[in-house]
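Dear colleague,

Please find below the structure that I am handing over to you.

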Amino acid sequence: MAARAHASAPLEIVESISSEIEPSVAITKLAHLRAEAEETARLANLLGRSLYVAIVLPVLGVLTVGLAEGMNLSSQLVWGGFVALSSIAMLRSYTHTIGQPFEREALKSFAKDLSAILLYTGFAWGAGAFLALPAATGMTGAILFAIAPAIVIALLLREREAVFLFLAPVAMLASFASVLRPFADGTLDAGLILVACAAVAGLTVLIDRRATGDFVRPAMLPLT
């Protein structure tokens with residue numbers, strides 16, 4: 001009798017385990033693990049690409065100052081300091097995280113820091129419409145000033161949120177400068193800058209959705 005009870009115990013354990021691991025639960029857990037792996041890979045790529053943005057931004061700033069004639073050099077240097085500060089902050093965040101490039105929590109912390117840095121960078125770059133560009137800036141120059149760095153960031157980071165964080169303050173400040181300074185074409189410049197920035201934002205969303213196949217993402221089942 002005792003032997004029979006002892007033999008039935010392993011069967012009860014197996015039945016209990018098999019009843020707990022249902023196919024739907026296993027699939028849900030696998031889906032969550034896949035989502036975490038994809039997020040980790042995305043953030044790791046974002047970390048690596050941020051280095052290129054930190055290098056390119058000062059280069060674009062130097063080109064802007066070199067092409068903008070008739071502006072006070074001291075104000076241009078102040079603006080260059082703002083842009084350099086954003087690049088330094090990005091490099092500092094990069095070097096802090098690169099030692100643990102596949103630690104999910106470290107990558108998530110880096111992404112939050114990068115978002116704040118990009119928002120500041122947008123305001124810093126947009127301030128150049130007041131500090132770096134002369135009042136005689138033409139329509140083409142004003143539009144390129146606003147959208148060229150956003151396009152570069154979009155191509156390098158490949159993250160639409162990153163583009164939006166940078167582009168929104170640039171569009172606002174550059175359009176204000178067009179009217180308040182004013183630029184050569186004034187209100188027309190302001191309107192065209194906003195239209196061009198909206199076009200860049202829309203194109204970024206379209207490319208991002210086509211790249212990820214994420215027009216409709218199915219809802220993730222909760223863990224049970």
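**Salt bridges and their surroundings**

Glutamate 159 counts as buried because its relative accessibility is 12%; the class is defined as under 20% relative accessible area, with exposed set at over 50% and partly exposed in between (1.4 Å probe, protein chains only). Please note that this is a predicted model, in which local features need pLDDT of at least 70 and side-chain atom pairs count only at pLDDT 80 or more, while totals for chains, interfaces and linings use all residues. Residues are numbered from 1 along each chain as its sequence is written, and side-chain values use heavy atoms, with hydrogens and water left out.

The side chain of glutamate 159 meets that of arginine 42 in a salt bridge, at 3.0 Å from N to O. This pair links distant parts of the chain, 117 residues apart: glutamate 159 is in the loop between α6 and α7, and arginine 42 is in helix α2. Arginine 42 counts as partly exposed because its relative accessibility is 36%. A salt bridge here is a side-chain nitrogen of Lys or Arg within 4 Å of a carboxyl oxygen of Asp or Glu. By this rule the count comes to two. The other pair is arginine 160 with glutamate 161, whose closest N and O atoms are 3.7 Å apart. Glutamate 161, at 43% relative accessibility, is therefore classed as partly exposed.

**Overall fold**

The protein chain has eight helices and zero strands, and the pattern along the sequence is α-α-α-α-α-α-α-α. These elements are DSSP runs numbered from the N terminus (helices: H or I, at least four residues; strands: E, at least two). Of the 224 residues in the protein chain, 35% count as buried.

**Nonpolar surface patch**

Leu119, Phe123, Phe130, Met172, Phe176, Val179 and Leu180 make a nonpolar surface patch of about 620 Å². Patches are made of residues with over 30% relative accessible area and no salt bridge, with like charges joined within 9 Å and nonpolar side chains (Val, Leu, Ile, Met, Phe, Trp, Tyr) within 5 Å. The accessible areas come from the Shrake-Rupley method with a 1.4 Å probe, and for residues only the protein chains shown count as cover. Helices α4 (104–126) and α7 (160–180) each supply at least two residues of this patch, and α7 gives the most, with four. Valine 179 lies in α7 and is classed as partly exposed because its relative accessibility is 44%.

**Second largest pocket**

The second largest pocket holds about 320 Å³ of space. The search used a 1 Å grid over the protein atoms alone: a pocket is an open set of points with protein on both sides within 12 Å along at least five of seven lines, whereas a cavity is a set of points where a 1.4 Å probe fits but cannot get out. Lining residues have an atom within 4 Å of a point. Grid points are joined across faces, edges and corners, and the volume is the space filled by probe spheres set on the points.

The lining of this pocket consists of 15 residues, with Thr64, Leu67, Gly141, Leu144 and Phe145 nearest its centre. Both α2 (23–67) and α6 (139–157) supply at least two lining residues, and α6 gives the most, with five. By class, the lining has 11 nonpolar, three polar and one charged residues. In this scheme Ala, Val, Leu, Ile, Met, Phe, Trp, Tyr, Cys and Pro count as nonpolar, Asp, Glu, Lys and Arg as charged, and the others, Gly among them, as polar.

**Backbone geometry**

Most residues other than glycine have a negative phi, and most peptide bonds are trans. Arginine 158, in the loop between α6 and α7, has a positive phi, near 55 degrees. Arginine 158 counts as exposed because its relative accessibility is 55%. The peptide bond from arginine 181 to proline 182 is cis, with omega near -15 degrees. Proline 182 is found in the loop between α7 and α8 (187–212).

Leucine 77 lies in helix α3 (residues 73–97) and is exposed because its relative accessible area is 59%. Its C-alpha is 8.6 Å from that of valine 65, 12 residues away in sequence. Leucine 85 is also in α3, and its C-alpha is separated by 9.0 Å from that of alanine 124, 39 residues apart along the chain. Isoleucine 98 is placed in the loop between α3 and α4, and its C-alpha is 8.1 Å from that of glycine 48, 50 residues apart along the chain.

With kind regards
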